[in-house]
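This report describes selected features of one protein model.

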Amino acid sequence: MSVNGIPLLYRVIQSVKNTGLFDEIIVATTRFVADDPIESALKDYAPDVKVYRGDSQNVLNRFVEATKSLDEEDLIARFTADNPIYNKEITRKVFETHKKNQADYTYIDGLSPLAPEFIKVGLLREANRLTQDDFDREHVTPFFRKNAENYRIIKLEKDWNGLRPHLNKYLTIDTREQLETVEKMMQELDFDRNSPDIEEIYKFLEKEIKAVESPEQLSIVLDGTPVGEGLPAYIIAEIGQNHNGSVELAKQLIDMAVEAGANAVKFQKRDIPSELTREAFNKPYDNPNSFGKTYGEHRLALELDEEQHKELKEYANARGITYFVTPTDIPSVEMMERLDVPFYKVASRDLTNLPLLERLAQTGKPVIISTGMASMEDIDDAVNVLGKDRKDIIILQCISQYPADLERVNLRVMDTLKKRHKKIVGFSDHTTGIIAAVTASILGASVIEKHITLNKAMKGSDQAGSAEKEELTKMIQYIRDARKTLGDGIKSVDPVTQAAKEKLARSLVSKVPIKKGTILNEEMLTLKSPGTGLKWKEKKLILGKKAIRDIDEDVTLHVTFFE
């Protein structure tokens with residue numbers, strides 16, 4: 001890929017060289033024939049850069065093999081090749097922090113595109129021996145983050161040293177839009193001559209994408225993505241309990257959400273002892289969707305433990321999608337705080353669970369509240385407990401009917417909620433189709449949530465009313481396309497219709513031959529296409545004036561023909 005005329009890989013290599021930190025650079029790619037040009041091009045552009053070609057999926061082993069000549073205590077900095085703007089100052093500061101703390105592994109939470117991860121060679125080799133997990137091996141470093149208690153690991157916060165994580169995605173190049181943004185930034189800041197500092201980069205991006213921190217707008221940032229009025233709808237794929245207690249099914253659902261184009265996946269977390277009385281736990285639960293003999297056993301079978309949630313959060317983040325949770329009790333909040341989920345959702349049944357809301361408010365993180373089982377009084381109470389002056393609360397209109405009837409959806413409630421609480425609003429869709437979600441987006445829903453499933457026929461009470469991949473993909477595409485049709489509300493002749501207007505509209509034309517010196521009157525005029533001349537309302541510009549030349553019949557008239 002070319003970025004302003006220079007291949008992206010070349011730019012990454014130059015960024016690495018500019019830091020002045022490294023003894024050697026290795027490009028670790030695959031043995032696929034499709035990667036032959038990488039090796040060939042580097043021989044010409046950067047003959048000092050080594051190339052190692054290994055397994056396409058087992059990237060961890062590829063890294064280990066590529067560095068087999070190094071000592072255990074040597075240090076690797078891992079750069080990825082989808083970002084051309086690694087920052088010298090930040091990279092050096094991460095390195096100094098790593099060195100000062102004699103760490104095994106140092107990284108910025110969320111893996112900032114402005115600086116690499118630093119990993120000790122011996123640690124890589126140990127991970128290669130210990131893990132057989134396909135995900136760990138494909139993504140190299142998740143193993144260390146999942147086993148942080150076993151190593152000297154430095155985790156730097158997302159906003160460390162002035163970093164602005166909500167702008168990170170605009171510094172990587174995965175889409176045509178991102179490429180165009182980066183190219184424009186490089187041109188405007190003259191990257192090929194200068195080395196702009198971070199503040200210059202962020203200033204450009206905030207201007208370019210109108211990053212949402214304006215007090216006049218109802219808008220916030222959710223895990224790096226601007227969300228609010230006038231912005232693309234934020235799509236949440238609600239996995240809930242449709243994983244049926246299986247981590248592997250959960251990963252497949254995450255993959256589905258990513259491939260369909262969702263922004264986030266949402267799970268649920270319940271601490272069953274905090275949820276149910278002994279009587280409720282032991283109540284027989286005999287139906288086709290039951291996963292246990294009693295309701296308590298059923299609920300336990302659908303729960304994922306902390307390690308499983310940790311694994312799934314890491315998996316989702318590596319796939320480039322946000323992972324968050326609806327906790328239904330305080331122990332579940334504490335668990336999710338340990339996993340550092342970026343924001344929370346509250347189920348509508350818990351809008352009256354004020355102690356839970358108080359704990360969520362204490363986290364200081366954005367909260368999305370669902371209102372399916374709630375009265376307006378319940379919503380008022382919940383907002384007051386969470387913080388009625390906070391801007392980072394999102395309220396979703398919802399009907400807790402599974403599946404919900406279209407005539408009960410009542411999307412106009414979104415406007416009522418926005419006016420009453422001055423919060424961002426959205427829609428949690430429990431209908432079987434996609435029309436309600438698309439309509440909600442047109443009516444101003446900034447957040448759309450939809451339950452998803454691998455197959456509606458699967459066992460589970462929520463499966464039948466959830467969207468399969470094709471339906472979810474279509475819903476998201478329709479929402480994106482529908483929002484494009486809204487425009488800015490200004491009526492004007494669009495440039496794309498100008499040619500048609502000139503061809504088809506009417507102009508003043510001579511109805512009869514007009515001799516030089518003749519005083520023009522209305523009986524000499526008619527209207528015909530094309531529309532390149534004077535309009536009928538402009539006839540006063542020529543009526544009563546004298547022709548300065550002979551004008552044939554059926555000629556488009558212009559002011560310059562008269563005096």
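## Basis of the description

In what follows, contact means that heavy atoms lie within 4.5 Å. Angles between elements are taken between N-to-C directions and run from 0 to 180 degrees. The model is predicted.

Helix H4, residues 88-100, lies across strands E5, E6, E7 and E8. Its direction makes an angle of about 145° with that of E6. The four strands form an open sheet in the order E5-E7-E6-E8, with mixed pairing. At the edges stand E5 (75-78) and E8 (153-156), each of which pairs on one side only. From one strand to the next, the twist averages 15°. Strands of a sheet pair through backbone hydrogen bonds, in either a parallel or an antiparallel manner.

The pairing of E6 (residues 105-108) with E8 is parallel and comprises four bridges. Within this pair, Thr106 is placed opposite Ile154 of E8.

H13 supplies the largest share, three residues.

What is the make-up of the lining of this second largest pocket by class? It has six nonpolar, 12 polar and eight charged residues.

A search of the whole structure finds two cavities of 30 Å³ or more. The largest cavity holds about 60 Å³ of space. Its lining consists of Gly240, Gln241, His243, Gln268, Arg270, Arg299, Leu302, Glu303, Leu304 and His309. By class, these residues divide into two nonpolar, five polar and three charged.

Gln241, Asn244, Asn289, Phe291, His298, Leu302, Gly460 and Ser461 form its lining. Here the division is two nonpolar and six polar, with no charged residues.

Asn263 is found in the loop between helix H10 (247-260) and E12. Its side chain reaches the backbone nitrogen of Ile235 at 2.8 Å. The side chain of Asn263 also makes a polar contact with the side chain of Arg480, at 3.3 Å. Leaving aside residues up to four places away in sequence, Asn263 touches Thr225, Ala233, Tyr234, Ile235, Ile321, Thr322 and Arg480.

Arg483 is found in helix H20, residues 469-484. The side chain of Arg483 reaches the backbone oxygen of Leu231 at 2.6 Å. With residues up to four places away in sequence not counted, Arg483 touches Gly230, Leu231, Ala233, Ser441 and Ala445. Arg483 and Ala233 are 250 residues apart along the chain, and their C-alpha atoms are separated by 8.4 Å. Ala233 is also touched by Asn263.

## Contacts of Lys310

Which residues does Lys310 touch, not counting those up to four places away in sequence? They are Arg145, Lys146, Asn147, Glu149 and Leu339. Lys310 itself is located in helix H14, residues 306-318. A separation of 15 Å is found between the C-alpha atoms of Lys310 and His139, which are 171 residues apart along the chain.

## Backbone geometry

Most residues other than glycine have a negative phi, and most peptide bonds are trans. Gln102 is not a glycine, yet has a positive phi of about 45°. This residue is located in the loop between H4 and E6.

Ser529 and Pro530 are joined by a cis peptide bond, with an omega of about 5°. Pro530 is found in the segment after strand E20 (525-528).

Terms used:
Residues are numbered from 1 along each chain as its sequence is written. This is a predicted model: local features need pLDDT of at least 70, side-chain atom pairs count only at pLDDT 80 or more; totals for chains, interfaces and linings use all residues. Side-chain values use heavy atoms; hydrogens and water are left out. Two strands pair if DSSP finds at least two bridges between them. Helices (H or I, at least four residues) and strands (E, at least two) are DSSP runs, numbered from the N terminus. Ala, Val, Leu, Ile, Met, Phe, Trp, Tyr, Cys and Pro count as nonpolar, Asp, Glu, Lys and Arg as charged, and the others, Gly among them, as polar. On a 1 Å grid over the protein atoms alone, a cavity is a set of points where a 1.4 Å probe fits but cannot get out, and a pocket is an open set with protein on both sides within 12 Å along at least five of seven lines; lining residues have an atom within 4 Å of a point. Grid points are joined across faces, edges and corners, and a volume is the space filled by probe spheres set on the points. A polar contact is a pair of N or O atoms within 3.5 Å; within protein, one must be able to donate a hydrogen and the other to accept it, and residues adjacent in sequence count only if both atoms are side-chain atoms.
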